[in-house]
Amino acid sequence: MIMMNKIWGVFIIIGILFSLFTGNIESLNNEIINSPGEILNIFLSMFPLMVVWSGLMNIAKDAGLLDKLSHLMTPLFNIIFPEIPKGHPALGYIASNLTINMLGIHNASTPFGLKAMQSLHELNEDKKKASRSMITFLVLNTSGVTIIATDIIAVRSLYGSINPTMILSTTIAATIITTIFGLIIDRIFYHIWRKK
Amino acid sequence: MILVKIGNYLIPVVVLLIIIYAFKKKVNVYDSFINGAKEGLELAISIFPYLVAMLFATNILLKSNILNSLFSLARPIFDFIKVPVEVLPMAIIRPISGNASFAIMIDLIKTFGVDSFIGRIAATMQGSTDTTIYVLSLYFGSIGIKKIGHAMWAGLLTDLVSIIVSIILVSVVFG
């Protein structure tokens with residue numbers, strides 16, 4: 001959170017100072033006056049999709065599909081999260097979070113991510129320090145394992161792409177490479193940090 | 001590309017499978033959908049202030065053109081390695097705010113065309129990674145973790161790789 005406060009303030013200060021310095025006052029004024037309306041438009045364009053997928057995901061949850069998923073992922077989880085005991089509820093939340101991310105509905109995955117973190121925190125010995133599993137889960141989350149980038153396909157069709165879903169070939173390949181790299185980096189850093 | 005074909009079928013098939021499976025398990029699909037949609041609505045509204053805050057700050061930064069100015073200075077280097085400088089501001093913003101980078105992606109698509117090289121790189125960058133700093137502050141903030149170990153460096157390094165991989169892949173697949 002401290003990090004966020006600094007970044008947020010610095011962005012505004014640098015932005016305004018540079019605009020003043022380059023004599024860009026008009027566009028700066030426009031930005032401050034018009035940007036809230038623009039933001040509302042962005043929100044309105046993304047939130048129906050979020051509501052629809054939250055609805056569909058709830059059906060999947062009620063049908064037990066998400067539990068099944070966490071079962072399917074068990075062999076993978078044993079490798080990625082060696083410190084989480086088998087059958088621990090944290091794994092169910094992680095599986096749900098990852099699946100929803102895979103479907104490209106990142107905003108719907110947030111509640112599962114937060115629950116997963118709380119659950120991992122119960123296993124954590126030092127309550128002020130991030131555990132190994134937490135960091136791995138975060139890296140997995142920030143590398144964003146996305147199979148169907150729903151929102152991007154929506155934008156591409158909105159702007160008249162000849163084939164909106166064509167982008168999946170590169171997003172899927174990129175997400176797989178990035179995730180594998182992230183997990184390797186996490187392992188390497190874990191061993192380096194531990195020695196310190 | 002076989003992946004493209006799979007991509008076309010993926011969303012309808014996923015929706016179909018969820019509904020069929022739920023029927024089999026005798027779930028009240030309509031009620032369940034409504035409950036989930038309500039949660040989705042609440043969540044969407046609860047993230048709205050974060051969205052406004054982040055887009056407001058990043059918009060001021062972006063519209064000041066400081067990132068473009070800085071990257072323009074370095075244009076010869078990026079031209080040499082065949083990286084369009086236009087996508088670099090988005091690459092910087094991507095780990096900080098997913099919504100701001102989403103907005104930049106839309107701008108790039110509007111300016112250069114949805115099926116242009118730049119438009120495709122932007123879409124791939126947006127789709128292949130997530131907002132490291134936002135997720136970090138949200139998740140660790142929620143449980144009061146102060147020492148985050150190597151989480152941020154691992155996350156940001158992964159973001160860097162994602163940018164490089166996106167550019168290479170778009171060049172190879174659509175080149």
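**View 1. How chain B is built overall.** Buried residues make up 45% of the 175 residues in chain B, where "buried" means that 20 or more other C-beta atoms, placed from the backbone, lie within 10 Å of a residue's own. Keep in mind that this is a predicted model: local features need pLDDT of at least 70, side-chain atom pairs count only at pLDDT 80 or more, and totals for chains, interfaces and linings use all residues. Residues are numbered from 1 along each chain as its sequence is written, while chains are lettered from A and ligands numbered from 1 in the order in which they are written. Chain B has 9 helices and 0 strands (DSSP runs numbered from the N terminus: H or I of at least four residues for helices, E of at least two for strands). Its C-alpha trace spans about 60 × 45 × 30 Å along the principal axes.

**View 2. Where chain B meets chain A.** The contact takes 89 residues from chain B and 86 residues from chain A; two residues are in contact if their C-beta atoms, placed from the backbone, lie within 7 Å. On chain B's side, helix 2 gives the most, with 25 residues. Sort that side by class and you get 53 nonpolar, 27 polar and 9 charged residues. Here Ala, Val, Leu, Ile, Met, Phe, Trp, Tyr, Cys and Pro count as nonpolar, Asp, Glu, Lys and Arg as charged, and the others, Gly among them, as polar.

**View 3. Helix 7 of chain A, tucked in.** Among the buried ones are A:Arg132, A:Phe137 and A:Asn141. Just after the helix, look for A:Gly144, which takes a positive phi of about 60°.

**View 4. Helix 7 crossing helix 9 in chain B.** The two axes come within 9 Å and cross at roughly 135°; they are lines fitted to C-alpha atoms over the stretch in contact, with angles running from 0 to 180 degrees between N-to-C directions. The helices are therefore oblique to each other (under 35 degrees is roughly parallel, over 145 roughly antiparallel, 65 to 115 roughly perpendicular, and the rest oblique). Residues that meet here include B:Phe117 and B:Met125 from helix 7, and B:Ile163 and B:Phe174 from helix 9. By class, this contact has 8 nonpolar, 4 polar and 1 charged residues.

Technical notes: Buried ≥ 20, exposed ≤ 12 C-beta atoms within 10 Å, placed from the backbone.
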